Amino acid sequence: MIIALISDVHSNWEALQAVWEEVKKADTILCMGDLVGYGASPNEVVEFVRGQMEKRTFLCVRGNHDNAIAFGAEWGFNPYAREAVRWHQRVMSIKNLEFLRRLPVRGLFTDDAGRSYLLIHGSPRAPLDEYLFPWLPESEFKAVLNYVKQDDLLVGHTHVPMLKLVGDRRVINPGGVGQPRDGDWRASYALIDTEEEPPDNVEFHRVEYEVEEAARKIIEAGLPRFLAERLFEGV
């Protein structure tokens, strides 16, 4: 079984389509949230994901931007993010907003080898908001895994790819599809091959996409120019 891991699409249709070409043959797609926010194509992204979830194994949890846009919970957001949240609320269809409201905060998946996964956007301690950065001490990851019964924890939110080993358990972040923040502008995703033995059966990948088009749409939509410019830098 091939499991594709994606997260933090952030309304970037061009990045999602480039990643999809790479992962569409996977047996399962697991998404750690933030389908929307920042970018200029929220309806296209949500409608695509909705369609895929209806016809294949595609699990997705709710991210903090999904939550803010769906429920108006924008406290703690910086001015750029807050402006994007309000723009999304104006332009998204009712059906797509309702889809975001129905997304679960946590998801569970067990692969064909019997390994279990908890999907969450931030962390088990603060599902929507806590950042698990790769540079945190090992003790922090051990503490987080105390909240998790499953073998592996799958997270997003930081937009930074990560694989942390804690004994025979893992914390995995596939990085950001639509707005990477590790200095590499290319869309990020990961694959797990269950025919290989963990922990070495996860691979991280990058793919180029039409970043100029994604940036152009942001500017034409009247969103903050910074949100377009950062796409070229991966920050």
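Angles under 35 degrees count as roughly parallel, over 145 as roughly antiparallel, 65 to 115 as roughly perpendicular, and the rest as oblique. In this predicted model, helices α3 and α4 pack at an angle of about 50°. They are therefore oblique to each other.

**Helix α3 against helix α4**

- Helix α3 spans residues 64-71, and helix α4 spans residues 79-91.
- The axes of α3 and α4 lie 9 Å apart.
- The crossing of α3 past α4 is right-handed.
- On the α3 side, H65, A68 and I69 make the contact.
- On the α4 side, the contact residues are A81, V85, H88 and Q89.
- Four residues of the α3 and α4 contact are nonpolar, three are polar and none is charged.

**Helix α3 against helix α5**

- Helix α5 covers residues 94-102.
- α3 and α5 pack at about 125°, with axes 9 Å apart.
- That angle makes α3 oblique to α5.
- Here the crossing is left-handed.
- From α3, the contact draws on D66, I69, A70 and F71.
- From α5, L97, L100 and R101 take part.
- Sorted by class, the α3 and α5 contact holds five nonpolar residues, two charged residues and no polar ones.

**Nonpolar cores**

- In soluble globular proteins, nonpolar side chains tend to be buried together.
- The largest nonpolar core in this model has 49 residues.
- Within that core, L35 and L100 touch the most other members.
- Helix α1, residues 13-23, supplies the largest share of this core, with six residues.
- Another core lies apart from it and has 13 residues, including I3, M32, F109 and Y117.
- Leaving out residues up to four places away in sequence, L100 touches V36, V46, R62, D66, I69, A70 and M92.

**P127 in its loop**

- P127 sits in the loop between β5 (116-120) and α6 (138-145).
- Buried means under 20% relative accessible area. P127 has a relative accessible area of 17%, so P127 is buried.
- Neighbours within four places in sequence aside, P127 contacts V105, R106, I120, H121 and G122.
- P127 and V49 are 78 residues apart in sequence. In space, the C-alpha atoms of P127 and V49 are 21 Å apart.

Terms used: Residues numbered from 1 in each chain as written. Predicted model: local features only at pLDDT ≥ 70, side-chain atom pairs only at ≥ 80, totals over all residues. Heavy atoms only, no water. Core = buried A, V, L, I, M, F, W, Y, C linked by side-chain atoms within 4.5 Å. Buried < 20%, exposed > 50% of the residue type's maximum accessible area, 1.4 Å probe, protein only. Helix = DSSP H or I, 4+ residues; strand = E, 2+ residues; numbered from the N terminus. Contact = heavy atoms within 4.5 Å. Axes fitted to C-alpha atoms, helices over the stretch in contact; angles between N-to-C directions. Left-handed = near helix turned anticlockwise from the far one by under 90°. Nonpolar A, V, L, I, M, F, W, Y, C, P; charged D, E, K, R; others polar.
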